[in-house]
Structure formats: C-alpha cells, structure tokens
Amino acid sequence: MQKTIQLSLLSVALLSQLHADNEYTLKNINVTASQGTTLNKKDVTDDVTVITKEAIEEAHVTTLDEALNKLGGISMTQNGGPGHTSSMFVRGMDTKRTLVLIDGVRYNNPTSSAGAEFSQIMLDNVDQIEIIKGAQSGVWGSDAGSAVINIITSKAKKGLHGIANIEYGSFDTKKSSLQASYATDKYDILIDGSLFHTDGFSAAAPKKSEANYGKRYDELGLEKDAYENKTLKTKFGYNLTDNDRIDANIQAINSFIHFDSGAGSSGDSSIPNTYLQDRFYTLAYKHKDTLNDFKIQYNLSTFSRENTFSSSSSINKGSVNEIKADDKIAYAKDSFIRVGASFQKFEDKKIVQNETKSYSVISVFTTNYNKVQLLSGLDTILTESLRYDNFDNFDNALTGKIGAKQFIIKDYYISLNAGTGYNVPSSYQLYNPTFGDTNLQPEKSFTSDITIGSDTVWITGFYNEITDFIDFVGVWPNSGYAQIDGKSKFQGVEIGYDDYFFDSFGVNAMYTYVKTKDANGKELARRPKNQIDARVTYYVDENFDLGLNAQYIGERYDGADKSGAQTGRYTVANFVTNVRTNKYLTFYAKINNITDKYYQTVDGYATAGRSLFVGLNIKY
C-alpha cells in the first residue's frame, strides 16, 4: 500500500549517506517482514514504512516509541516521560494488535497490559525499522491483526569497527552507548551496550478539569519520576560453508521505572516502582543455494516484571518459546513459494500468587510470490499467504492475505491489499484480578487498502474492521476489559509527499485522516481524526545540516464517544542539527518542543516541555 514503501524521513536518510560518501540508494532498501523473507522495497505490495539507520542517526531519536512518533508518522500516547507506558495507533488500531519482532524474535509481553513496550527498546544498535500496515496474521499468526513492526539490529562488517555515543540534556538525562564488532570470511561477532538515565519529571499532572491544569510539575512541587535502562546485545555468526551458516543472538534489557499511582495531581506518589528484566535469545541454522533458502530457528523471549507499591508487590514472569522452520523455494524467475511450520508456547507466571497460565499453538503456513510483466515493460506483483493455527486453549484459526501491485507509468503504481487477522486475548486481559475477564474470546479482523502514487507522492484509502473487539471500558472502580460484540470499524485516508530540492532541501509530509467506531457506533478513545507530520532538512554543506520536524494532532478525546477531556488540537515542533568534523566524529544538538507547548496525550499525565540535548558520536 502507500508507496511500496514509504521511507520515513527518506530525504534525511538518503542525503545523510550521500554526504557521508556512502553508496546508500533507494534501490538498496530491502523489506524482511512483509512475506517473511527479504524483498526489495519496490517488489512489496504491502504498505511498508521503513525507518533506516541513517534516519535514526540524523534525528537522534532514542527509543522505539520516539522513532515511530517522529519518523513513522504514527499516533502515540504516553503516561508520562521516557520509559513510561506508551500506546501506538496504526490506522486507529492500537498496540495490542501489533506484533513487534526484534531480529525475528517476538517482543510482545503476555504479562503486560500494553503488549509490546515500545518505550523500553533503545535504538543505538538498530539498522532498520519496518512498519507493515494491515493484518499480517496470514504470515505471522496471532498479535498481528493490524500491523507488524520488525526491528533489525546491526550486523558486524568485515574488519574491526567501533561506535561510541555520549549525550546529555534536560532533566539530567545521560545516554551513552558503545558497540564493537569484528568479522572475517568465516565468522563475525558484535557486542553493543547502552545506558540511559533520566531524573525525568512527574508522570502525574493536573487533569484538564483541575484548576492547576497547564502548570508543570516544578511549579506544583510534584516529585520527579526517574527512569533507567541498561541494554546489552551480542550477535555471533559462523559460516560452516559458502551455503550454510549458524547465528546466535542474545539481547538483555534491564529497566527501572518510577511511576505515579494514577492520573491527575492527586496521583503523584513516591512509592510505585517497576523493575523489568527482558531477555531475547535466538539460535538459527540457515542454508541457501540457487533453489532453496532454508532456515530452522529457535527463539526464546522471557519477561520479568516486579511492581512495588506502598503496601503490596507483584511479580510476573512471562515467556514465549518458539521453534520454526521454513523454506523459500524459487520455482521460476522472480517467483517463489515459502512453506513452513512452527510451535509456540506462551506462558505467564504470577510468582506471588503461585499461578501459571499458558497456551500453545502449532502452525503451518505458506506464501506464493510472483513478479511478472503483464503490461509491456511494467512489473506486476502478486502475493498470496495462508496460515493455519491450531490452539490448545482457543478456537483454531485460518488466516490469509493477498496483494497486487501494478506499475502503470515508470515508478507510478496502483497497489491493493487485503488480509485477515486473529488476536487471542493476552493473559493480562484474561486473568488480571482487577481488570481481567476470563470469558474473553479471540478477535477476528479484516483489513484492506488501495494506493495510487509513487515514491514521491501517494494517496491511500483503507478500510478495516474487528469482530468482537476487546477494549478497556468503564470508569474506576467499575472498569476493565470487555468484548464488544459485532464489528468495530476503522477507515480513512493517508496522503504522503517525499522529495529533495536544489541539492539542499529534503521535504517529507504525511496527512492521516482516521474515523473509528465500535460496534455500538461510538467513536473510540484517544485516536485523533486528523494528523499531520512534516519534516524539512537543510544541508548547508556536506558536514553541516539543520532539521525541523513538526506534528499536528487534531481533535482527540480521552474517552470513548467523545467523552472525557479533549487532548488534541496542538502542534509540537522539534529541531536537530549535526556538525561533522571529520569522517569519525560528529557533534549534534536537538531541541524538543521548541515552543514549550503544554499538552497532554492522556488526560492527567504530563509531557515534556522545551528540552535541550547535546551529544557526540564517534565511529571507527
């Protein structure tokens, strides 16, 4: 959809590499998660946004949620500052329906209300972020009812290389990272570590209904909510032969989050803390020849969450075990079939209560891909995917997706996509003693889109629906997760523009209109109807650039059916500049929220005012 691939901050990514004398071009951008295999961006029918390593480095975004918000053109909400719970809305559908992968390993946490915790993923070792819109359950199974986000981390390059980054800024924020890698023709190894700490600001803030709304934490004497993140990543690869390879990856994320007891100034508290320990392991064998691209892979994701309150504590340990085998078989020029099977086990252990909940699923899947020229000299791309999931605790599911893309004049094309999704309720939604409902059943979704355009300008229309939508409803203490029988609908338009002028200016703009209604005809909460994202980069010369990005959020309400506080109708602008002294050293500075705009994305939770950060990056 959209342009085969919307390169978020394309101008920044492309130009930064050109100025750095690298050979980065659009033709070299590949997409991995669309069909479960690597394809060139122009050969993908799906609507895919790619955030490149160059874009991340130019914008100096720190976490995944910040990158998605600033570079991906996606609507985000957050309950406080860095590290606090964030939610993402892709075409109106929220976080719990988006599957997040890190190098193919599931990041969705079955013990968390948020599903995937975007604010915990640091980006210093990330090569590429792929956002694939539309139901992807036909390829990836449950949790992919609305989109897939695939994060590809850095790979070792031949020889010895190192990267170091240091940053300091507002709220006594300190960030540092160090990466070292070494590769030969036979083996490669990479080690990357990062440390992030901020004193932060009070997560709780006056609600819009309070007299002190508009005043910041320091004016009201509210305490700060600190956050710390330590991340370590190691990757090892060994080439058994020219066609055979073994990969082993380990990533560890340790986080401390001081949070408040609730929204509004009365929610300010010095007691609640969360300690997170997340681990991700991969062991894979790969074989590739002229006919086959075979892989068998074992993945393990483990999650540990300890919440400490004034009078109680809770410890949840979750895990996802997966073993998967698939083979991409080329049966004609630019045509292949991918077949595979997997076993997954999802587990949630409540340590204090001594309870364990789990379910498992056995899956088989296939994808067929063809690129032909039905029109003289113009490519036609057709894809079909089908997946069958056999669950032990839920109804079995048959899901699929189809896509077609026809180039009509040079780089201009029309693309169409349709897919079905299946999302089982998380253990948190089912078994949380306060908000859970053990009667919840899986959701079923259908998504579709049509795009006409090119890599420069495009327009997309989309229509999505979810049957038996699971939502958080009610007001405390009568609130919790419930199933809304019937079809909830999400529809809208995306219009994008991306270009480069006068060898100096990169311009990117995206307008999104979303209309949402549940099965009862009520608008869903916290989804802005209108959103505009714009970025301009001016390259003064090959060593000095200035960037400005801004986001406008239109009307948005904190509650369903236009209830609660109106939290939209604001614009936030940010500035960044890079100065390269030589090919090894770059100094940078950024100002977030230049105008010191006061706004809230969730009623009763604060956002940062004007913030200044400076840093340096060293590459060898």
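This report walks through the salt bridges, ring pairs and charge-over-ring contacts of a predicted model.

Some ground rules: residues are numbered from 1 along each chain as its sequence is written. Local features need pLDDT of at least 70 and side-chain atom pairs count only at pLDDT 80 or more, while totals for chains, interfaces and linings use all residues, and side-chain values use heavy atoms, with hydrogens and water left out.

**Confidence.** pLDDT is the predictor's confidence in each residue, from 0 to 100. The chain averages 91, with 95% of its residues at 70 or more. Residues 1-27 stay under 50, and for them the model has 108 contacts beyond four places in sequence (a contact means heavy atoms within 4.5 Å). Where pLDDT is low, the predicted coordinates should not be read in detail.

**Salt bridges.** There are 42 of them in the structure, each being a side-chain nitrogen of Lys or Arg within 4 Å of a carboxyl oxygen of Asp or Glu.

| Pair | Distance |
|---|---|
| Arg216 and Asp596 | 3.2 Å |
| Arg338 and Asp326 | 3.5 Å |
| Glu555 and Arg569 | 2.8 Å |

For burial, buried means under 20% relative accessible area, exposed over 50%, and partly exposed in between (1.4 Å probe, protein chains only). Arg216 is buried at 18%, whereas Asp596 is partly exposed at 31%. Arg338 and Asp326 are both buried. Glu555 comes out partly exposed at 23%, and Arg569 is partly exposed too, at 49%. Salt bridges also link Asp47, Arg91, Lys133, Asp449 and Glu494 into a network.

**Rings.** The whole structure has 23 aromatic pairs. Rings of Phe, Tyr and Trp (its six-membered ring) pair if their centres lie within 6.5 Å; planes under 30 degrees apart are stacked, over 60 edge-to-face, and the rest tilted. Phe196 and Tyr227 make a tilted pair, 5.9 Å centre to centre with 50° between the planes. Both ends are buried: Phe196 at 6% and Tyr227 at 0%. Phe435 and Phe472 are edge-to-face, because their planes sit at 65°, with the centres 5.2 Å apart. Phe435 is partly exposed at 22%, and so is Phe472 at 38%. Elsewhere, ring pairs join Phe346, Tyr359, Phe391, Phe394 and Tyr422 in a cluster.

**Charges over rings.** The cut-off is NZ of Lys or CZ of Arg within 6 Å of the ring centre and within 35 degrees of the ring normal. Lys328 has its charged end over the ring of Phe336, 4.6 Å from the centre. Lys357 does likewise over Tyr431, at 4.8 Å.
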